[in-house]
Protein chains: 6
Amino acid sequence: DFMSALDEVHPAFGVSEEELQQVIQNGIIHYDAAVDELLKSGQLFVEQVRSSTRTPLVSILLHGPPGSGKTALGASIAQASQYPFIKLISPDNMVGFSESAKVTAITKVFSDSYKSPLSVVVVDNIERLIDWTPMGARFSNAVLQTLLVLFSRRPPKGRRLLIIATSSLRPILTDLGLSETFDSEMRVPPISNLKALERVLREVELFPSGDERRRALRMLEDAGLGSSKDQLSSKLQIGVKKLLSIIEMARQEPENVAERLAGALMGLGM
Amino acid sequence: DFMSALDEVHPAFGVSEEELQQVIQNGIIHYDAAVDELLKSGQLFVEQVRSSTRTPLVSILLHGPPGSGKTALGASIAQASQYPFIKLISPDNMVGFSESAKVTAITKVFSDSYKSPLSVVVVDNIERLIDWTPMGARFSNAVLQTLLVLFSRRPPKGRRLLIIATSSLRPILTDLGLSETFDSEMRVPPISNLKALERVLREVELFPSGDERRRALRMLEDAGLGSSKDQLSSKLQIGVKKLLSIIEMARQEPENVAERLAGALMGLGM
Amino acid sequence: DFMSALDEVHPAFGVSEEELQQVIQNGIIHYDAAVDELLKSGQLFVEQVRSSTRTPLVSILLHGPPGSGKTALGASIAQASQYPFIKLISPDNMVGFSESAKVTAITKVFSDSYKSPLSVVVVDNIERLIDWTPMGARFSNAVLQTLLVLFSRRPPKGRRLLIIATSSLRPILTDLGLSETFDSEMRVPPISNLKALERVLREVELFPSGDERRRALRMLEDAGLGSSKDQLSSKLQIGVKKLLSIIEMARQEPENVAERLAGALMGLGM
Amino acid sequence: DFMSALDEVHPAFGVSEEELQQVIQNGIIHYDAAVDELLKSGQLFVEQVRSSTRTPLVSILLHGPPGSGKTALGASIAQASQYPFIKLISPDNMVGFSESAKVTAITKVFSDSYKSPLSVVVVDNIERLIDWTPMGARFSNAVLQTLLVLFSRRPPKGRRLLIIATSSLRPILTDLGLSETFDSEMRVPPISNLKALERVLREVELFPSGDERRRALRMLEDAGLGSSKDQLSSKLQIGVKKLLSIIEMARQEPENVAERLAGALMGLGM
Amino acid sequence: DFMSALDEVHPAFGVSEEELQQVIQNGIIHYDAAVDELLKSGQLFVEQVRSSTRTPLVSILLHGPPGSGKTALGASIAQASQYPFIKLISPDNMVGFSESAKVTAITKVFSDSYKSPLSVVVVDNIERLIDWTPMGARFSNAVLQTLLVLFSRRPPKGRRLLIIATSSLRPILTDLGLSETFDSEMRVPPISNLKALERVLREVELFPSGDERRRALRMLEDAGLGSSKDQLSSKLQIGVKKLLSIIEMARQEPENVAERLAGALMGLGM
Amino acid sequence: DFMSALDEVHPAFGVSEEELQQVIQNGIIHYDAAVDELLKSGQLFVEQVRSSTRTPLVSILLHGPPGSGKTALGASIAQASQYPFIKLISPDNMVGFSESAKVTAITKVFSDSYKSPLSVVVVDNIERLIDWTPMGARFSNAVLQTLLVLFSRRPPKGRRLLIIATSSLRPILTDLGLSETFDSEMRVPPISNLKALERVLREVELFPSGDERRRALRMLEDAGLGSSKDQLSSKLQIGVKKLLSIIEMARQEPENVAERLAGALMGLGM
Ligand SMILES: Nc1ncnc2c1ncn2[C@@H]1O[C@H](COP(=O)(O)OP(=O)(O)OP(=O)(O)O)[C@@H](O)[C@H]1O
Ligand SMILES: Nc1ncnc2c1ncn2[C@@H]1O[C@H](COP(=O)(O)OP(=O)(O)OP(=O)(O)O)[C@@H](O)[C@H]1O
Ligand SMILES: Nc1ncnc2c1ncn2[C@@H]1O[C@H](COP(=O)(O)OP(=O)(O)OP(=O)(O)O)[C@@H](O)[C@H]1O
Ligand SMILES: Nc1ncnc2c1ncn2[C@@H]1O[C@H](COP(=O)(O)OP(=O)(O)OP(=O)(O)O)[C@@H](O)[C@H]1O
Ligand SMILES: Nc1ncnc2c1ncn2[C@@H]1O[C@H](COP(=O)(O)OP(=O)(O)OP(=O)(O)O)[C@@H](O)[C@H]1O
Ligand SMILES: Nc1ncnc2c1ncn2[C@@H]1O[C@H](COP(=O)(O)OP(=O)(O)OP(=O)(O)O)[C@@H](O)[C@H]1O
Ligand SMILES: [Mg+2]
Ligand SMILES: [Mg+2]
Ligand SMILES: [Mg+2]
Ligand SMILES: [Mg+2]
Ligand SMILES: [Mg+2]
Ligand SMILES: [Mg+2]
């Protein structure tokens, strides 16, 4: 089924297997029900594109704070679709490209996709693709305009396309006139409760024993990190990517793991 | 007659039949009297160009909210004219074009049109053609100036031209000095009452039976979506394009169609 | 004489007869004394250039609201001069030109004019020539500077030149430093009284009979369009070009001509 | 002597006789003592450059309202110097030049001047040379920087150079950092009293008899144009260039000369 | 061990030994515990990259006031890592590079680093790399975007990379969206107490005897430079680089060393 | 010794003797103690670079009002150093250079300097080198960034470099981030007392006799120019360069020298 397909690898014509693997190197940890809901919604859009004739184009946006897992989730949904054409458009592959080289590269992926009956294109990190910088609100209008058209241009007769875009700057997209182009938006939340945190810690085996893990969690609870019931008002707000980074730093000092972990998490909470 | 001509296809020299078909893929649903009035007005301008010697150039603007059906209506009027030359200028065909390539492409269509005694040119999505972005009010002045001149340049002696432009950003056109160039403007409204909605639902056969459709409409009525008599103050404000998209999403969960439809429409209404 | 010369055509070396004809396609309707005064003033400048040795260069500006007839009047004055060199510089002939191509084209016309003992150059629609757009106050400084110099550069010894420029944006010209370069300015007013309107209606034979025309005018009078004696405070303010366009639209529905005419004119008056 | 040299022509190596003549086509009318003082001061600078070893470079600025006679005066001083190298740098000769072509042309004149033991360079109409436009305060910084350096760069050993620059925009020069580079500044005033006006009228023989001229002047006096003793508060403020233009227009209607002259001058005074 | 490795030189494939030496010409003076803590932290990150599989990319920022020793410390940590690939990206080697040449050069170092199993790249003086100037907030967006991507792009499978960046403009980095990309930040403080100052003076042997050094320090103490216990409120705030420069100036007047040193330090303190 | 070396000429490899002479054409007049102090300080920096191993790079800034003598003093200090490599980077030699040509030329001088064991580079008139204009705060960021790097880039091992920069716009340098790069700054003051003025007058022998000179000075004293003891509040504020220019103008009218001198100086003082 869809969920188990997430973990398989299907070498196939038109699918950049390696690139997709690269961005999910650390796997998907099912630390929260929200993770499964996001994957489930993604599956529904995959099915809609596969079956409805009236909507040969569906575009969705995954947005959320930095490091919350947008890229990994988008790539996972794409990979699980098992469509014959799956491509990732990522700024990582366009370092040093001129504006027009970027436009050409992006356009090429879409043109290629029109040759497959069923395609999914992941457009990762929109703000970086358009060279966005908050200072002076600079960006590449050429790339932006290309995305604006490609996100709503219908594929030719008989072709169907799912677009999955990601961004950490949801409000900027509105100012850029980009947010109206999506058929649907999904928020990827940060980790904001101790239970989710615990599942991650267990999964990555930071602590040698359950006792030590629980001791560390109690330390965090005492520090007030887990008190809030409400996600938004929680003092704990950390993307899974940053969390994994902090965990590895803490792992450097075996004698001090819990303290360093708590210190780093609380440093963020201030 | 004109109305029935809308549904016919006339392969002809100078007519991009396929392109026009592409933008009317889902057909024109006659969900409201306004739809027929718009088509009728379009027909009148078609006749004026055909017959008056004093106005060899007539330009009209179709404007309205995103997805209200501007492109499909403009293309339909053009197609129904049965003029020997019918062309669509669309940003979809100019992805990645440089400013000057755009200017050249646009100018070419107009120059070609001057070779036919009777021509209609649909200039679709002006804001995208000029690379408009609200952030920093950026746009291509070269393309804008080209449109400003072409929209009011008389065709050579003995040639007649109807220009149909579309835009979702009517107020911006004024700021750009573009709105004075049109001989006439027509607003394409969003769907804002339950009766129009019902006609669309019937046409696309979302529900297996009339009973289920009526149940869904009652649900929407109870939610207050249909209470208002006045179009502008109605809580329901949705372009037919977006509506068709929502309908297809709802269709994915056969057991839950009415609920998902209502949910999506009410989500918009907030 | 000058007035009757307006209607004649003189094929001559250095005169772009066809271009001039093109912009006066609908002729000059003498709907008001102002029209004749403008033509008379133009004639005086034509004579001054012909006869005075101290002013081998005279430049005048025709300005007024959009569609008030500036281009047609300027071209008419030029044509009636019967000078051996008469040229029209118009944005219509420079669509898609780069800045430097524009500068070259404009400069060429002036250089050519210096070869004729007597020349008149009509520089039509200055704002469009300089790619002016109100948003962001953008324009081509290269073209502007070219005009600034050419408008005040004396022709070589023994050559004489009359420059007739047109613009709808008189106040902008001041901000651009352009208005000081003209020796004289003349305003082309819109039609603002019913008597002038009536003369146009009669000339273009919109109504089959005088009775019907008078009925229509009474309708407009009743609507308050003709009440004001003062030109500026009149509710009727319409350029002759727009009026001719409205008339042709009204002509499309023979049974309803007066109503459509009144409707359109009153729509503007609001 | 210097004054009479003004009217002579000396064909000489390095002197653009024709260009200089072109800008003084209408001669210098000695309508006021100020005119002679300006010429006298110019002569003094000519002598200083010729004789002082400590100041091989002297640069002066002639500024005043449009049409006050700056170019004609500057060219006259240059011509009367009888230096072996006399050149005019004028925007008239640089229409359509690119920024760098302008820089090259300007620099060339200065380089050439360094080959002559004594040189005078007239840099006419600085604002036009730098493509200045008040809207958006645009200008060519490349040309400006070139002028800034050339205006204060000492000629090589044994060479001497007098620079005479003209401008109508004295305050802008300060904002551009240009005004500090001049060793001296001289204001060219407009005509602001009836006595000066009378001398011009007499010189150009607008009126067939002295009686008629005096009648016209009385008309102007009655209109309040000559009442003020103080130059700046006078209602009469007109550059000699504009005055000559008005005179020629008035000359077109022999029967009405005085009225048209008065009308034009009073139109300005409002 | 790590600390002693700091002073050794290891000629190795992929290591720019000479460049690193160049920026540590004056060595590292251990004038304060903070210096050793910074080196220790650096060592920990070196070890994390060497050992953790989940974090093949770690990026840290060294920031602090001008001349506080950021470059020397960053280069020291890199050199002490003994990784097979150690490179310095410095504006010193990119003088006169175009934007795109800079982007290419920077990208090349990262691409090269991906060929080594273990790499450290020092990205020195970010503000200079991006051509930052506070006036008008200008900078090279192309270089900035390149850094933004390279700082968070994971090396290919099996490769590991430590990035050490330096900057004097920490707040600007936030405005540029750069500061979120670092896994960790470390502040390099200026010298702000007399004890640290003394150690430097001793190390560089400014005074021929300890007595004279102590006399000079007393002079500074009397002037109030050493009174504060708190680092931030201290009147003494000087980067080690500037301090070394002042010391050498003072050394020029052997008879007056203490006075000149005190004068210079107090001049800064005002 | 150093002071007498100022007046000698040493043809040497790497020294642009002629260029240096050119900017000191009028010599250095020792009109004030400040002049000698500036030369003495310069000498100290020359010695520091020659002798200290820890500071192979020393950069100083000479700043002061226009015409105060910065260039002449900087060139004098450089020439007196008798280093084997002495070069002047001046905007005078870069007229019409493109941004990149400027960057290349500047960089070349520094690269050349690295080949000599001891070098001094005078970077004259920074604001002009970077094409600074106050209007719109425009400047060449490419040149600015080049200077920023070159002013603090250490020469290669065994090479030593003294940089002497000059500027009239000290506050702007701060806004540009340039002022932090200098090891030391020295102000070149204008002439602000009558005693200094007298020494200049005597040196250039403006007056045929001491009596006449004293009479002129008394005239200035009576006018209040010499009353103030304090340099900054003095009504006399004139750069030596401008003073020399005024003196030469006054010299033109032998009968009126004192009056013209007083007039010019008082005109400035207002
Ligand atoms: N449930 C999860 N969802 C997403 N990523 C997860 C999850 N569990 C573990 N991960 C891992 O966490 C990391 C998430 O990083 P990812 O690059 O996807 O975040 P991001 O939101 O795209 O970051 P950025 O804002 O920097 O683009 C990946 O390494 C991924 O393998
Ligand atoms: N009455 C109608 N008018 C217009 N379009 C209709 C109508 N009925 C159905 N449609 C369908 O609805 C869709 C309208 O989309 P269209 O692209 O024309 O909207 P639009 O206003 O141009 O959108 P956008 O603002 O994105 O340019 C088309 O697929 C069209 O076939
Ligand atoms: N008295 C008149 N004066 C000018 N044009 C007239 C007159 N009578 C009829 N016309 C016709 O009216 C039209 C005027 O259009 P014209 O292009 O000259 O106006 P315009 O002011 O230049 O418009 P725009 O502001 O768009 O440049 C022409 O077709 C001309 O033949
Ligand atoms: N006393 C005078 N001084 C200057 N020009 C005079 C004088 N008497 C007559 N003239 C004539 O008046 C005209 C002055 O025009 P000129 O181009 O020199 O003015 P300007 O101030 O340079 O104008 P602009 O501001 O347009 O550059 C010339 O034709 C010149 O021959
Ligand atoms: N403890 C120390 N830490 C850093 N540098 C030291 C130390 N002790 C001595 N030094 C010397 O001080 C100088 C520090 O200069 P460095 O260029 O590293 O400073 P910086 O902060 O990078 O300066 P900038 O802000 O100009 O880039 C070097 O010459 C270095 O050898
Ligand atoms: N004591 C002095 N110091 C400097 N210059 C002097 C002195 N005495 C005489 N001079 C002469 O004064 C002139 C000073 O001009 P210089 O170009 O050096 O000034 P500046 O400050 O560089 O001017 P600017 O601000 O225009 O660059 C030179 O000609 C120089 O020979
Ligand atoms: Mg991501
Ligand atoms: Mg559309
Ligand atoms: Mg016109
Ligand atoms: Mg002039
Ligand atoms: Mg550094
Ligand atoms: Mg100088």
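# Close-up views of a predicted model

View 1. Helix 5 (residues 99-113) of chain F lies across strand 2, strand 3 and strand 4 (160-167) of that chain, and runs at about 170° to strand 2 of chain F. As you explore this and the other views, please keep in mind that the model is predicted.

**View 2. The open sheet of chain F.** In what order do the 5 strands of this open sheet come? Reading across chain F, the order is 2-3-4-1-5, and the pairing is parallel. At the edges you will find strand 2 (85-89) and strand 5 (184-187) of chain F, each of which pairs on one side only. Neighbouring strands of this sheet are turned against each other by 15° on average, direction ignored.

**View 3. Strand 2 beside strand 3 in chain F.** Here strand 2 of chain F runs parallel to strand 3 (residues 118-123) of chain F, and 5 bridges join the two. To find your place along this pairing, look for Leu88(F), whose bridge partner in strand 3 of chain F is Val122(F).

**View 4. Strand 1 of chain F and its covered faces.** How many of the 7 residues of strand 1 (residues 57-63) of chain F are buried? The count is 7 of 7, and the strand is described as mostly covered. Both faces share in this cover. On one side sit Leu57(F), Ser59(F), Leu61(F) and His63(F), on the other Val58(F), Ile60(F) and Leu62(F), and all of them are buried.

**View 5. The two partners of strand 1 in chain F.** Strand 1 of chain F is joined to strand 4 of chain F by 7 bridges, and these two strands run parallel. Along that pairing, Ser59(F) stands opposite Ile163(F) of strand 4. Strand 1 of chain F also pairs with strand 5 of chain F, in the parallel sense and over 4 bridges.

**View 6. The open sheet of chain A.** Moving to chain A, we meet 5 strands in an open sheet with the order 2-3-4-1-5 and parallel pairing. Strand 2 (85-89) and strand 5 of chain A are the edge strands, and each pairs on one side only. From one strand to the next, the twist averages 15°. Strand 2 of chain A pairs with strand 3 (residues 118-123) of chain A in the parallel sense over 5 bridges, and Leu88(A) stands opposite Val122(A) of strand 3.

**View 7. Two helices over the sheet of chain A.** Which strands of chain A does helix 3 (residues 33-51) lie across? They are strand 1 (57-63), strand 3, strand 4 and strand 5, and the helix runs at about 150° to strand 4 of chain A. Helix 5 (residues 99-113) of chain A lies across strand 2, strand 3 and strand 4, at about 170° to strand 2 of chain A.

**View 8. A tilted pair of rings in chain A.** The structure holds 12 aromatic pairs over all chains. One of them is formed by Phe151(A) and Phe182(A): the pair is tilted, with 5.3 Å from centre to centre and 50° between the planes. Phe151(A) lies in the loop between helix 7 (141-150) and strand 4 (160-167) of chain A, while Phe182(A) lies in the loop between helix 8 (170-175) and strand 5 (184-187) of chain A, so the pair ties together parts that are 31 residues apart in sequence. Are these two residues buried or exposed? Phe151(A) is buried, and so is Phe182(A).

**View 9. Charges over rings, from one chain to another.** The charged end of Arg138(C) sits over the ring of Phe139(B), 3.9 Å from its centre. Elsewhere, the ring of Phe139(F) has the charged end of Arg138(E) over it, 3.9 Å from the ring centre.

View 10. The contact of chain D with chain C takes 26 residues from chain D and 34 residues from chain C. Between them these chains bury about 2500 Å², 53% of it on carbon and sulfur atoms. Val95(D), Met135(D) and Gln252(D) supply 24% of the area that chain D buries against chain C, more than any other three residues. By contrast, chain A and chain C do not touch, and their nearest C-alpha atoms are 16 Å apart.

Definitions and conventions
Residues are numbered from 1 along each chain as its sequence is written. Chains are lettered from A and ligands numbered from 1 in the order in which they are written. This is a predicted model: local features need pLDDT of at least 70, side-chain atom pairs count only at pLDDT 80 or more; totals for chains, interfaces and linings use all residues. Side-chain values use heavy atoms; hydrogens and water are left out. Rings of Phe, Tyr and Trp (its six-membered ring) pair if their centres lie within 6.5 Å; planes under 30 degrees apart count as stacked, over 60 as edge-to-face and the rest as tilted. Buried means under 20% relative accessible area, exposed over 50%, partly exposed in between (1.4 Å probe, protein chains only). A charge sits over a ring if NZ of Lys or CZ of Arg is within 6 Å of the ring centre and within 35 degrees of the ring normal. Two strands pair if DSSP finds at least two bridges between them. Axes are lines fitted to C-alpha atoms, for helices over the stretch in contact, and angles run from 0 to 180 degrees between N-to-C directions. Contact means heavy atoms within 4.5 Å. Buried area is the accessible area (1.4 Å probe) that two parts lose on being put together, summed over both.
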